[in-house]
Amino acid sequence: MGGRMRAREKTIMEVVLGRKLFSSLLVAFILALSILCLYYGTSFAPGLPRRGASDGDDADGGSWMLADVELFPGAPSSLYGESANLVVKSLPVCDMRLSELIPCLDRSLIYQLKLRVNLTLMEHYERHCPPAGRRFNCLIPPPVGYKVPIRWPASRDQVWKANIPHTHLAEEKSDQRWMVVNGDKINFPGGGTHFHAGADKYIIHIAQMLKFRNDNLSDGGNIRTVLDVGCGVASFAAYLLNHNIIALSLAPNDVHENQIQFALERGIPSTLGVLGTKRLPYPSRSFELAHCSRCRIDWLQRHGILLLELDRVLRPGGYFVYSSPEAYATDEKNRRIWNAMSDLVRRMCWKVASKRNQTVIWVKPLTNGCYMRRNPGTLPPLCSSDDDHDAAWNVTMKACISPYSKRVSSAKGMELVSWPQRLVTPSHRLEEVGISEEKYNEDSEVWNWRVLEYWKQMKPEIQQDSFRNIMDMTANFGGFAASLVNKHVWVMNVIPVNESSKLKIIYDRGLIGTLHDWCESFSTYPRTYDLLHAWLLMSKVEKQGCSVEDLLIEMDRMLRPLGFVIIRDKVPMINHIKRFLTALRWDHWISDVEPKVDALSMGEERVLIIRKKLWKGSPEKP
């Protein structure tokens, strides 16, 4: 009897131990699976390969191991699953060869994926984002010898050579005074292909051609936003700032592949882009002036479609300043191009405002009158009535003229006041967005107050010249940027594509910006912004089914070492983000506060402000 009892007890113990072992194994499996989910992101793809990650296994570049996470009590597991209480302590670091990676403009990807692109139409310079299986999931290292960028305004004229170790432009353009290597720095004398004497003198020359008062190209604040296509290193835009004009400098990542990188390092508003097959990511009637100085663009191709795209983004009465051999050369080839281009712009109802020396300036009509007087069948045609002139994200260009609305044509213009009053005066296009003037003014007041509070939070860490290049990742109506107008900064106002109608309001304020889908990488070089501001962006990205973790890595790519990030979001999302601060090396300085409730608050929110560390990558391995 006793033997049977002992045998029974032994069997029960084996079952209990077996169940405990099974439970332990199950917990271990769930923990391991949670870590894998953290590593590979939530929406881009489970099983995302760490292509390009360095081989090191320490905090400077290894894979995520069990030792790389620790318990974090802040985030409720009910929201983010079993992995919610884990803090990621390190992330892999990309190979040094990827220190200038722009994921959606990586031309090697085109060849790897065997994409069929038309080189003549510049499709290889357009965005081609990597599929889930080819995305990098590592931190971009700075180049060897990287230094904290020279601060504005000194940066307009000089940058550290180590930060952009490319001197071929200085050699190629030495006779045009683009840039000059001077020891450990690169200097920018202000020259250009068509303005060897300096951009400042060239700008005055343009103002004199248009007979503007005091030789000031702003024309008393009537010209505020400018698009400079094929901009070189953006010296034209740099010197326009002295005229209270903000120019968005645009160039592709082409044979002069680092020109926009130099422009951004200098602190000049710039972006990567190309006049190819897609519309520029800006709404119609955004710029008072467009500029092309020897930009090497074939304006006659495809029935003038590229010039028609400029026409779409120019305001009524807007100018196109064109400095190129076609405007003055007397040889047969250039005369033929000039005659064809003159015929095209005549049919587009543009007129010559002035022509002198190497430059011609055309002006766009103020009304629809000329379009209506054209002979039937005249090309290019007017765009169809169902065409959305403001649709600009991943939209194919159209070889047609975008006519004005009845209101714009009747008013003979956009009814915008001059700068700087334009910044705070509501635009009539608010009606198109469905926003009242009261709501617009309330938005501006809230952002004035919020920015003051943000700067108070950062006061222990910042100096007067800490910021120059700023990005507002969910800009709404530009209130954040408008609140910074008296600081020596510029702001790239980014409007998510599902809110695209708001971007026209930002341009009507005299600010600049672009459309973007934050499920993808942004078209800029690594280390180009001093401050990133994200208001409710993470919650919106998560709602779209995209990866918050991947977006954090993308933000780190864009952020300069010792740069700041301001994230205002819902409390669970802030707690979730805090788990990655150490791994991202965003823990040089951290502030986490509960803000006061205001008219724009969306439930319980927190403001997280961090400062990125200055860290060094490993030299390229043989």
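Author: One cut-off first: a residue counts as buried when its relative accessible area is under 20%, and as exposed when that value is over 50%. Keep in mind, too, that this is a predicted model.

With that in hand, go to Cys 546. Cys 546 sits in the loop between helix H16 (537–543) and helix H17 (548–558). Its relative accessible area is 13%, so Cys 546 is buried.

Leu 536 lies in the loop between strand E16 (529–535) and H16. With a relative accessibility of 8%, Leu 536 counts as buried too. As a rule, most residues other than glycine have a negative phi, and most peptide bonds are trans.

Keep that rule in mind for a few other spots. Lys 114, also not a glycine, has a positive phi of about 55 degrees. You'll find Lys 114 in the loop between helix H3 (107–112) and strand E3 (158–160). Lys 114 is exposed, at 71% relative accessible area, whereas Leu 536 is buried. On the peptide-bond side, Leu 379 to Pro 380 is cis, with omega near 0 degrees, and Pro 380 belongs to the loop between helix H10 (369–373) and helix H11 (406–411). The bond from Trp 419 to Pro 420 is cis as well, with omega near 10 degrees; Pro 420 is in the loop between H11 and helix H12 (430–433).

Thr 514 is part of strand E15 (residues 513–516), and its relative accessible area of 7% makes it buried. Leaving out residues up to four places away in sequence, Thr 514 touches Pro 281, Tyr 282, Met 492, Asn 493, Val 494, Ile 495, Leu 503 and Phe 522.

For a whole helix that is covered up, look at H7 (residues 259–266). Eight of its eight residues are buried, so H7 is largely enclosed by the rest of the structure. The buried residues of H7 include Gln 261, Glu 265 and Arg 266, along with Ile 260, Phe 262 and Leu 264. After H7 comes Gly 267, whose phi is positive, near 90 degrees.

There's a helix pair to see as well. Helix H8 (residues 301–313) and helix H9 (residues 332–347) have axes that come within 11 Å and cross at roughly 60 degrees. That makes H8 and H9 oblique to each other, and H8 passes H9 in a right-handed crossing. On the H8 side the contact is made by His 303, Gly 304 and Leu 307, and on the H9 side by Met 341, Leu 344 and Val 345. Sorted by type, the residues of this contact are four nonpolar, two polar and no charged.

Finally, zoom out to the whole protein. It has 19 helices and 19 strands, and 57% of its 622 residues count as buried. Among contacts with a separation of 6 or more, 71% are between residues 24 or more positions apart. The protein exposes about 26,800 Å², with 53% of it supplied by carbon and sulfur atoms.

How values were computed: Residues are numbered from 1 along each chain as its sequence is written. This is a predicted model: local features need pLDDT of at least 70, side-chain atom pairs count only at pLDDT 80 or more; totals for chains, interfaces and linings use all residues. Side-chain values use heavy atoms; hydrogens and water are left out. Axes are lines fitted to C-alpha atoms, for helices over the stretch in contact, and angles run from 0 to 180 degrees between N-to-C directions. Helices (H or I, at least four residues) and strands (E, at least two) are DSSP runs, numbered from the N terminus. Angles under 35 degrees count as roughly parallel, over 145 as roughly antiparallel, 65 to 115 as roughly perpendicular and the rest as oblique. A crossing is left-handed if the near helix is turned anticlockwise from the far one by less than a right angle, and right-handed if clockwise. Contact means heavy atoms within 4.5 Å. Ala, Val, Leu, Ile, Met, Phe, Trp, Tyr, Cys and Pro count as nonpolar, Asp, Glu, Lys and Arg as charged, and the others, Gly among them, as polar. Buried means under 20% relative accessible area, exposed over 50%, partly exposed in between (1.4 Å probe, protein chains only). Accessible areas come from the Shrake-Rupley method with a 1.4 Å probe; for residues, only the protein chains shown count as cover.
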